[in-house]
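Here's a quick briefing to read with the model open beside you.

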Amino acid sequence: MSRPLRLAVIGATGRMGRALLDLLKDDARFELAAALASSSRLGEPVYAGEDGLRFTREWPAAAPEVAIDFSGPAGLGAALGHCRAHKIALVTGTTGLDPALQQQLDDAARDIPVLRAANFSLRVAVLRRLVRRAAAAL
């Protein structure tokens, strides 16, 4: 078996971040390199979460291979610069991007692999496919 893929989850304390962390803990194909989250208190870089999981505002010394971002526009902006500088692939579901951040994301895609989707819901994906088929039939 090949070694696990090292992942960083950005926005780890949000709904999607927590869902990802739950999936990752039982999947040997992946290794959680970092669970990044914002903190309302500056100077509180690390805190313990449920199940002893530790969240941080700092990137790990050993860079992950892929960063998965479900934070927000500010978090994505910060992550994007780090990913480009360290050649880390980026998957993001962050919405509400302004034109400048969208341009930064487009520019980053020339240097690193980037996958952006506004909705990762299976139901929404199925609905989109059905609407395309219905539109083509009509």
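What follows is a short tour, grouped by topic.

Keep in mind that this is a predicted model, where local features need pLDDT of at least 70, side-chain atom pairs count only at pLDDT 80 or more, and totals for chains, interfaces and linings use all residues. Residues are numbered from 1 along each chain as its sequence is written, and side-chain values use heavy atoms, with hydrogens and water left out.

**Salt bridges**

- The structure has 6 salt bridges, each being a side-chain nitrogen of Lys or Arg within 4 Å of a carboxyl oxygen of Asp or Glu.
- One of them pairs the side chains of Arg6 and Glu31, at 2.8 Å from N to O.
- Arg6 sits in strand β1 (residues 5–10) and Glu31 in strand β2 (residues 30–36), so this pair links parts 25 residues apart in sequence; helices (H or I, at least four residues) and strands (E, at least two) are DSSP runs, numbered from the N terminus.
- Arg6 is buried at 17% relative accessibility, while Glu31 is partly exposed at 33% (buried is under 20% relative accessible area, exposed over 50%, partly exposed in between, with a 1.4 Å probe and protein chains only).
- Another salt bridge joins Arg84 to Asp111, with the closest N and O atoms 2.4 Å apart.
- Arg84 belongs to helix α2 (residues 73–86) and Asp111 to the loop between α3 and β7, so this pair ties together parts 27 residues apart in sequence.
- Both ends count as partly exposed: Arg84 has a relative accessible area of 30%, and Asp111 comes in at 38%.
- Arg110 pairs with Asp107, the closest N and O atoms being 2.9 Å apart; Arg110 is exposed at 64%, and Asp107 is partly exposed at 23%.

**Around Ile112**

- Ile112 is in the loop between α3 (99–108) and β7 (114–116), and it is buried, at 3% relative accessibility.
- Leaving out residues up to four places away in sequence, Ile112 touches Cys83, Arg84, Lys87, Ile88 and Leu90 (contact means heavy atoms within 4.5 Å).
- Ile112 and His86 are 26 residues apart in sequence, and their C-alpha atoms are 9.4 Å apart.

**The arginine patch**

- Arg128, Arg129, Arg132 and Arg133 form a positive surface patch.
- For a charged patch, residues need over 30% relative accessible area and no salt bridge, and like charges are joined within 9 Å.
- Arg133 lies in helix α4 (residues 122–137) and is exposed, with a relative accessible area of 56%.

Methods: Patches are made of residues with over 30% relative accessible area and no salt bridge: like charges are joined within 9 Å, nonpolar side chains (Val, Leu, Ile, Met, Phe, Trp, Tyr) within 5 Å. Accessible areas come from the Shrake-Rupley method with a 1.4 Å probe; for residues, only the protein chains shown count as cover. Lys and Arg count as positive and Asp and Glu as negative; His and the chain ends are not counted. The place of a charge is taken as NZ of Lys, CZ of Arg, CG of Asp or CD of Glu.
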